[in-house]
Amino acid sequence: MNPSEINYDDLRSLTIGTVESVSPREIKVLLDIHAPQNTALNTGTPTLFPKINGYVLLPNEAGALIGMISWIGIEHSDYPKRKGLKDFDLVDLPFPLRKMSISPLGILKREDKGYKIERGVYSYPSVGDAVVIPTYEQLQSIVENKDEHAKIKIGNSPLAANGPVYVDPDKLFGRHVAVLGNTGSGKSCSVAGLIRWSLEAVKDGIAPDKKPNARFIILDPNGEYTKTFDGISGKTRLFKVALGEGETGYEQLKVPAWMWNSYEWSSITQASGKTQRPLLRQALRAMRNQMFSVTDSTEVEVKIFLGTLLTSIKIEKSNGSPWGSFPKPKNFTEKIEKWQKSIENLLGRLANSSERIKLEELNTLLERLLNDRSGKYPTYEFDISEVNLIQEKIFDAFEGFGGCEQDLLVKSEDVPVPFKSDVFVNYLHALGKESESSQYLDYLLMRLRTILSDTRMSSIIGTKTGISLTDWLEKYVGKNKAENGEIAVVDLSLVPPDIIHIVVAVMARIIFEAIQRYKRKTSKLLPTVLVMEEAHNFISRYNTDNEEFSPSRLCSQSFEKIAKEGRKFGLGLLLSSQRPSELSPTVLSQCNTFLLHRLVNDRDQELVKRFVPDNLGSILNELPVLPTKKAILLGWAAPVPILVDMNELKKEHRPDSKDPDFWDVWTGKEERTINWKEIVDEWQEEGDNVDNC
Ligand SMILES: Nc1ncnc2c1ncn2[C@@H]1O[C@H](COP(=O)(O)OP(=O)(O)OP(=O)(O)O)[C@@H](O)[C@H]1O
Ligand SMILES: [Mg+2]
């Protein structure tokens, strides 16, 4: 018979079975003997009979409960009851009956136009209720996303009549996404696709002369995304470590050392808590307050110096050292002696002027007080009126040189005020000497000097070529209206391992703090997406009992903060990882949407099952066998868990992570020449390649 002559109306009976048992997680269904085997014609058009992870409906008073098939099998049961005449002479032998288990997912409701989905199940079917297969239209509505901004098509759903799958960026990026799967399963392509398809959808939705005002910052440890975004509206800003002269198309990656906060400094220098960390913090505070800004004017130098004296004397006074128990007064006297010598030195460089007189007065006072404490058995104690007098005279001189109270406000050691790292190291050295703890600082200073002077590192963290914080944010986060492009790709592949965690931690923290401040200032959110590839290397789980701040722990903590608070400020995370079980559980549990590719490892599968929010039934059992490019989308951005066949990315738009070409090299199709000497020379030279930071 010609298929077009089939009268589908005659065949239309959507019921395929009845409910046999119900529990909140699983509903067992007995399939009718006449239910179709493979191709179902009862939907009006031939459709594949639902298979594992396909959908069925259970009509009820609220609409229809959507169930996902998690098991189909045959069980031997009593011979089914027959209608009509019964032959009483026959013995009813066990009869193979088809059954299936389904996991309830949500409710499908009829609307004026089509259907809508409600998450969650509040009304369960009862035993004996009918189970029907959805029509084509219903299937499409199950995977269709009715969210207002669900404009980004990421693929099609093979188990739902190949209906298109749309996502809403507000939901997808607003509450963080994790793309998980084994190596080669298609994660990077999905990440690149989510960004590309988002921007393409925005372009389709705005006037042709306008550009998307979007911001994506991609932290790319393998350097795969260098060319991936060519051809989408604006230019991609590419940052990487320069290898040699003459390369173009990118900017040198810069995360200058002054951007680091005191924890980051402590972790990279492995500073110990007792002596080194307080000194490091003190030195940083001095830098942040620009007490050592390089200046040619002696007058300014005097003003800055007197400012530090004022702060110091206030601290000494509040500690009570000038009149405290031995050896505090002695140490205080020695401090005064050092101050007096410095003042004498400054006086030698100052021309005669009215303000000089004030400094001379201070000098004379200090000389007199020191004189009183010289001799064979001096008493070092000061009384409070003497200390007040010193403070008064310092302030007079400070004012004489143009200083005011405002200058004395002390900035915290963590504010990102630029300073030169060599000045910092020298100051720290001097501070160590002054506080007689230089023996504790030797190793730390050596480490610092090594890090700061290695050319491979100083090109990234060096402070020689100035970049202001404003410049940095404009470059890495983007300018007003994304004038300089929507995407920044930070290629981390050549960043030396010693500093890679600090570099990533600092970038993530500064980006988060900047976006946070944007909201504070404007009361508006600045939607920005931070993408972290190979996230298990940077956002790894750590032992919370251990107090040490290792750079990798700081890095995880930077991202944990974003995962917990980013949503309030419009900063979304897009993570990709092949080892979910090694990821920080805090970050993973804050991800509300998951795109799961093939995942073979048991531990990873178990972990993912624990973190995913929906009642998933068995769809996750498919994880180990998913083909490349297919993924399960679930969570906040998907109304029900959906198996998605991701859109095809053109070859030139795919991240560049080719498998090694063993065969072609072995057979000589591709040339490879080896010159180890060249490599060794470069390798061994690196240590000597010191440069002034
Ligand atoms: N959406 C897609 N369109 C076209 N090809 C794809 C797509 N997804 C995956 N592929 C193919 O699969 C290959 C591997 O994908 P991809 O590099 O994204 O894997 P991965 O999961 O990121 O692996 P790794 O963990 O090693 O980085 C790609 O080179 C590409 O050929
Ligand atoms: Mg990848």
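How many strands form the open sheet here, and in what order? Keep that in mind while you look at the structure, and remember that this is a predicted model.

Okay, here we go. There are 12 strands in that open sheet, and the order is E11-E10-E21-E20-E19-E12-E18-E17-E13-E16-E14-E15. The pairing is mixed. If you're new to this, strands of a sheet pair through backbone hydrogen bonds, either parallel or antiparallel.

Let's look at the edges. Those are strand E11, residues 163-167, and strand E15, residues 251-252. Each has a single partner strand, so one side of each is left without a neighbour in the sheet.

Now for an antiparallel pair. Strand E10, residues 152-157, pairs in that sense with strand E21, residues 642-646, over 2 bridges. Find Gly155 and you'll see Met646 of E21 standing opposite.

Is E16 largely enclosed or left open by the rest of the structure? Well, 5 of its 5 residues are buried, so E16 is largely enclosed. Buried means under 20% relative accessible area, by the way. And both faces are covered: on one side you have Ile487, Val489 and Asp491, on the other Ala488 and Val490, all of them buried.

Who pairs with E16? Strand E13, residues 216-220, runs parallel to E16, joined by 5 bridges. In that pair, Asp220 stands opposite Asp491. Strand E14, residues 236-240, also runs parallel to E16, with 4 bridges between them. There, Leu238 has Val489 as its bridge partner.

Let's move on to ligand 1. Which residues are closest to ligand 1? They're Thr183, Gly184, Lys187, Ser188 and Cys189, out of 17 residues that surround the ligand. Look at the atoms now. One polar backbone atom of Gly184 is 2.8 Å from an oxygen atom of ligand 1. The side chain of Lys187 has an N or O atom 2.6 Å from an oxygen atom of the ligand. Then there's Asn647, with a backbone N or O atom 2.9 Å from a nitrogen atom of ligand 1. On its own, the ligand has 630 Å² of accessible area, and the protein covers 83% of that.

Last stop, the surface. Ile674, Trp676, Ile679, Val680 and Trp683 make a nonpolar patch of about 610 Å². Trp676 sits in helix H20, residues 676-685. Is Trp676 buried or exposed? Trp676 is exposed, because its relative accessible area is 59%, and exposed means over 50%.

That's me done, thanks!

Terms used
Residues numbered from 1 in each chain as written. Chains lettered and ligands numbered in written order. Predicted model: local features only at pLDDT ≥ 70, side-chain atom pairs only at ≥ 80, totals over all residues. Heavy atoms only, no water. Patch = residues over 30% accessible without salt bridge, like charges linked within 9 Å, V, L, I, M, F, W, Y side chains within 5 Å. Areas by Shrake-Rupley, 256 points an atom, 1.4 Å probe, with all protein chains shown as cover. Salt bridge = Lys/Arg side-chain N within 4 Å of Asp/Glu carboxyl O. Buried < 20%, exposed > 50% of the residue type's maximum accessible area, 1.4 Å probe, protein only. Pairing = 2+ DSSP bridges. Near = heavy atom within 4 Å. Polar contact = N/O pair within 3.5 Å; in protein donor to acceptor, adjacent residues only side chain to side chain.
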